Structures are given as structure tokens and as C-alpha cells.
Amino acid sequence: MIEIKARLVRTDSIYATGEYVECLIEFIHKIPSGSVVNNEILESLAWASVQLHCYRKTNISNQDKMLEMVGKTALDAVTQAPGDVVVATKPKILFCDLKLQPNESKTYFFNELVPRDGPPTYRGHDIKYFYKLTIATQRVKSKVQTLTVPIRVLPIPLIARTDELPITEETNDELAPTNPFLEKKEISELEISWHHLKNVTARRAPKFYRISNKRGYVGRFCLFKPAYKLGEDIVGSLDFANCKVRCVQFSVKLQLQEIMQNNGGNRSSNNDFNDNSSVNSLDLASVASGVGSEYMHKSSTSASSKDNEGKTEPTGKVTTHAISHQVSYALLQTQVVVPIPLHVTPSFRTDSVEVKWRLHFEFVTSEMMDFGTKNPEVGELLAPTEIPVETMVWNLPITIYPANPLQIYAPSQAYTLLIK
């Protein structure tokens, strides 16, 4: 009996595109308890290989027929999981003709680069992307056996290349005193991308949005930055001073939009991130009257977006991941804090699906500006028994980037396979 154990070298099972996945694979010739150990009985394995696969599983029947299986090998019939293979690295052979004595074990080290152009791990309504390390081996005169190790992949967009570094940095290095005994450290492409993402998500660019409906001015919302990382809090402020219509209560939902590309779309990778920092705030300050639907975007256009009248952007299927609710009838100013979970997928786009994020506001407004009548006997303020209210919704798009995989807690475990 042969036991195969696979364990990731890192303590977590989350990786970014462009990182190396490292795994230790151990092959053990186990003897059942109570059996007599005979050193002359050897277990033989003909070969073993490891390969990284990314699968796509979808409920949509009209998929792009031009997408073919990547990296076809002779193991496709065995290693094929439910879904289409969209990324497949070249299989690496661990050994050929391995012979193990009783209770003997052999450990092999495997590493593979996660492709930069691959999609991230995503589990949506109509489409799913998932990654697996496939360990395949064959016992002599037996069928091929496989062991899969699932991992989570976060998308790191390709921001810059090493040859795009400014020339001024090279000049400064040449003029500075150098130590001939130290090796010059080269900056990798992944480090440049991480540095750029830190700058984008840390950049403060406050934008103010005037909230109003057909009855008058409701308030002003301030969003301090348009780009966030996983695990951060989306912080904004609402100012109801000098309002003509009172906001009784409001809620803010963090929603994910899954938009399927039915026509195949333009072939693009997860590098196509949307930078909302350059979006005109007037185009985003449109307000809708009435209760909005989860699957249709019913919003009235503002004066600055009349040219786009009649053009409705697809909303797709919407999933709410966080919500913040406040009663603001007697408030002049308040703060909005919406946390971003660590288990969600950042913004990305492929030829099959586009994932966007937005803040969905729901305001309950009323034209009753007074807080009630004073009770002459007690001197307290009596709240009105009935308040005529209206509800309006507003969607504000944002961009969510990935966080460092080492900052996300996802302990890895050992995976085993018994070959009897």
C-alpha cells in the first residue's frame, strides 16, 4: 500500500498571480498494522507528475467556442475536473520507476509559477473559476491515480515591467558609492505591481456627491478614496445640513455585480482593472426615485448625463456582502463605515465575465422637517405618529483590489491518497 501526502510549503493556501506555488510531496510504502514486514516486497511506481490547472465551470450554454483546452497532455482524460481548463502549466515529472521498501518514504519538492494572465479564484452565480494542483501517478500494471490540492488565487494586474523603470533610478545608483562585495538586487515584476497597488489604494482623493430628488436637496456624501483593498473599511461621511428634504434613515450595501459576456466580449485578462479615480463625479450623482431592483438599474439621469439617455448599462446578478444601516432623522452629520470581507473576489474581467463592485444607497426621505410638537405638561418633544416618506436609491461604483495573501488567514492542510 502506497500513501501519497501533499502539503504546501507556505502556511496558507492563498497565492497571487505571479507568485510561486511550492509543495512537498511524499510517497510512503505503508505496511498495514499486524502484517509481517518482508523487506523483499517492493512497491513500484512507474512515474509521477504535478501540474497546475485552472478550471472554469459555468451554467451558461453559449460559451465562447474559440476557447480551447490549454496544455493538453496524455493525462487529460484522468485529470479533467467538471468544467473547462482555461489555464494549464506544463506537467513536471517527479520521478520514473520508483521502488520503495516497506516503511520507506521519498519526498519531492515542486514549485510552479501562477500565470499572470490567469483569472482569479471566483465562485459566482453563473460561473466559477478554481485552481488545483494535480498530482498524478501510476502504479505498475494499474490505472492512473490523482491527488488534487486546491489553492486560492488573487489577481495582481500587470502594472509595469522591469524594463519600464525610470532611467533616473539607474543614474542615481551609478553615482552612489557601491560595494563590490554586495550583489545588486533586481526588482521583480511582482514587486513593482505590489508597489503600484499600495500607491493606488493609499491615495486619498476625496469626492463630494450632491444627493437630491425631485422635492429638493437631501444631503452631501463624501467618499475619501475610490479604490480599496480586501479587508479595508470603506469610510465616507454624510452631511444633512441646510437640507430641504429630511433623510429619515438610510442604508449602504456593498454589492458585487456579475456581468456575463454573452457575446464572448473582448479577450482580456484580470489586468484590466477599472480606475474610478478619473470618473466625473457629476455622472455618478444621479438619484433614482422609488425602490430599485436587484437585477435592474432604474435611475434617472442627471443634467450632465442627458447625452447617454436611453443607454442602460447591464447590471447582471447582484450579491450583497456587507450592509450599514442608520436612523438619521435628527442627525446633521454622520459617518458611513462598510467593511470589505477578505473572502470575496476583487474586481476583474475575463472574456466570459466581468466582476464589478458598487455601493448601493437606499434613502428614506420625508418633507416633514420639524421633529414633532412639545408637550406643555412635561416639556418633552413628542415625535409625530405618522411620517410620510419616500424611498430613493443610488449606486456608486468602486474598485476593490487584492490584499497581500500573507495578510489573509487561510491555513493549509495536508492532502493524502492511498493506493492499495
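1. Basis of the note. The model is predicted, so that local features need pLDDT of at least 70 and side-chain atom pairs count only at pLDDT 80 or more, whereas totals for chains, interfaces and linings use all residues. Residues are numbered from 1 along each chain as its sequence is written, and side-chain values use heavy atoms, with hydrogens and water left out.

2. Strand pairing. Strand S3 (residues 20–29) runs antiparallel to strand S1 (residues 2–8), to which seven bridges join it, and also antiparallel to strand S7 (residues 105–113), to which it is joined by nine bridges. Within these pairings, Ala6 has Ile25 of S3 as its bridge partner, while Glu26 is partnered by Thr107 in S7. Strands here are DSSP runs of E with at least two residues, helices are runs of H or I with at least four, and both are numbered from the N terminus; two strands pair if DSSP finds at least two bridges between them.

3. Aromatic pairs. The structure holds 14 aromatic pairs, where rings of Phe, Tyr and Trp (its six-membered ring) pair if their centres lie within 6.5 Å, and planes under 30 degrees apart count as stacked, over 60 as edge-to-face and the rest as tilted. One of them joins Tyr129 and Phe348 edge-to-face, at 6.4 Å centre to centre with 80° between the planes. This pair links distant parts of the chain, with Tyr129 in strand S9 (residues 127–139) and Phe348 in strand S19 (residues 348–349), 219 residues apart. Both Tyr129 and Phe348 are buried, a term that means under 20% relative accessible area, against over 50% for exposed and in between for partly exposed (1.4 Å probe, protein chains only).

4. An aromatic cluster. Ring pairs also connect Tyr209, Phe221, Phe240, Phe250, Phe361, Phe363 and Trp394 into a cluster.

5. Helix H3. With 14 residues (189–202), helix H3 reaches 20 Å from its first C-alpha to its last, close to the 20 Å expected at 1.5 Å a residue (the expected span is 1.5 Å times one less than the number of residues). Its buried residues include Leu190, Trp194, Leu197 and Thr201, and what covers the buried residues of H3 includes strands S2 (14–16), S13 (227–229) and S23 (390–401).

6. Ser324. This residue of strand S17 (residues 317–327) counts as buried because its relative accessibility is 11%. Leaving aside neighbours within four places in sequence, Ser324 is in contact (heavy atoms within 4.5 Å) with Phe250, Ser251, Val252, Val337 and Val338.
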